[in-house]
Amino acid sequence: MIREPDKKLVLEDGSEYVGYGFGADKEIIAELVFNTCVVGYQEIISDPSYTNQMVVMTYPLIGNYGITDEDFETKNPSIGALIVREYNDQPSNFRYTKTLAEEMLDHHIPGIEGIDTRKLTRCIRDNGTMKAILTDVSTSKEEALKKISEYDIPTNAVEKVSCKKRWYSRTTSAKYNVVAVDCGIKLSTVRNLNQRGCNVTVVPYNIEASVLERMNPDGILISNGPGNPKDVANVIELVKALKGKFPIFGIGLGHQIIALAYGAETYKLKFGHRGGYPVKALANGKVESTSQNHSYAVCAKSVEGTCLTVTHTNVSDGTVEGVACEADNVFAVQYQPESAPGAQDSVYLFDKFVESMKK
């Protein structure tokens, strides 16, 4: 039986893409971005950094290895929608427990398949990220564009995904106690710290500096997360208050927050970095393959005159990928060292964080 198209994607520039729905049957308006990873769709849909975003997968076949219970990055995925060329609902993988569509249905995440994702990706690359609506195929373009024009992307993404009360992840024979400020933390980050002998206390993003200081941790992690770093001014103030008192490690959004706390500036990229990117470590010239997911970056010129030094740069476009202040025992990277999904070149940064706590 021939399947009739039942969903369409309308961009704010007026372009339309007609396809077939999977996952949750709901209408959504969100920011449209693309990811170039070949594998890792489970980690992508469960990464809190994709809050309020529709993700276009450039790899053409998605869903072929299903979903595995152990590989989630959060318990409550908050991605806006998933857009793919071809969806496979019959996975082949001895570890899989659900299909991708079943998982998306459970968490009210809509998807669309059967569209020209190459054309769509080129559109985003050439014109930049933009708002779009995933809606029923019967919705007129005029109605869709009216809904898009009336919709503002929320600026409270970190508030949405951060934990509401502190929680703990303990390990046997722990040597260090780490407090992780949850701006949208990935569970694989916590697992990496546990594997290195760290008990981790995850706290809400709006914790007061005095409360965190009384916890007397061996080190502080400022996590990755969604949105504009300037929207979380309280975390910037937290870093200002605690830098130099404890070793601090920032990842993703945490990297941008640390840069702002030291007086540098951030800006929004045209279409962001989502997927695999080569990054050069300036200390030794080594190039690492990294996994990335961010819309904003640190302005290289603005780092000059601060106490920070640039430690890593993106080989593709020269953007800042790492900063550090040795005097304060603070360092941060823009990319995702927990390597979920993606290359494992950068997990040594967790070892570096442990070494900073030893000192």
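In this predicted model, Val10 has Glu16 as its bridge partner in strand E2. The pair belongs to a contact between strand E1 (residues 7–11) and strand E2 (residues 16–23). These two strands run antiparallel and are joined by 4 bridges. Both take part in a closed barrel of 7 strands, in the order E1-E2-E8-E6-E4-E3-E9. Pairing in the barrel is mixed. Neighbouring strands are turned by 35 degrees against each other on average, direction ignored. Helix H3 (residues 117–127) packs on this sheet. H3 touches E1, E2, strand E3 (28–35), strand E4 (53–57), strand E6 (81–83) and E9. The direction of H3 makes about 90 degrees with that of E3.

Strand E9 (residues 130–136) holds Lys131. This lysine is buried yet forms no salt bridge. Asp152 is the nearest side chain of opposite charge, at 4.7 Å; a salt bridge requires a side-chain nitrogen within 4 Å of a carboxyl oxygen. A polar atom of the Lys131 side chain does lie 2.5 Å from the backbone oxygen of Tyr151. Leaving aside residues up to four places away in sequence, Lys131 touches Leu11, Glu12, Ala30, Glu31, Ile148, Ser149, Tyr151 and Ile153.

A further sheet is open and has 10 strands. Its order is E10-E12-E11-E13-E14-E19-E18-E17-E15-E16, again with mixed pairing. Strand E10 (167–169) and strand E16 (287–298) are the edge strands, each pairing on one side only. From one strand to the next, the twist averages 25 degrees. Within this sheet, strand E11 (residues 176–182) and strand E13 (residues 219–222) run parallel, joined by 4 bridges. Ala180 stands opposite Leu221 in E13. Helix H8 (residues 233–242) lies across E11, E13 and strand E14 (248–251). H8 runs at about 155 degrees to E13.

The buried residues are Leu187, Ser188, Thr189, Val190, Asn192, Leu193 and Asn194. Just after H6, Gly197 takes a positive phi of about 80 degrees.

Technical notes:
Residues are numbered from 1 along each chain as its sequence is written. This is a predicted model: local features need pLDDT of at least 70, side-chain atom pairs count only at pLDDT 80 or more; totals for chains, interfaces and linings use all residues. Side-chain values use heavy atoms; hydrogens and water are left out. Buried means under 20% relative accessible area, exposed over 50%, partly exposed in between (1.4 Å probe, protein chains only). Lys and Arg count as positive and Asp and Glu as negative; His and the chain ends are not counted. A polar contact is a pair of N or O atoms within 3.5 Å; within protein, one must be able to donate a hydrogen and the other to accept it, and residues adjacent in sequence count only if both atoms are side-chain atoms. Contact means heavy atoms within 4.5 Å. Two strands pair if DSSP finds at least two bridges between them. Axes are lines fitted to C-alpha atoms, for helices over the stretch in contact, and angles run from 0 to 180 degrees between N-to-C directions.
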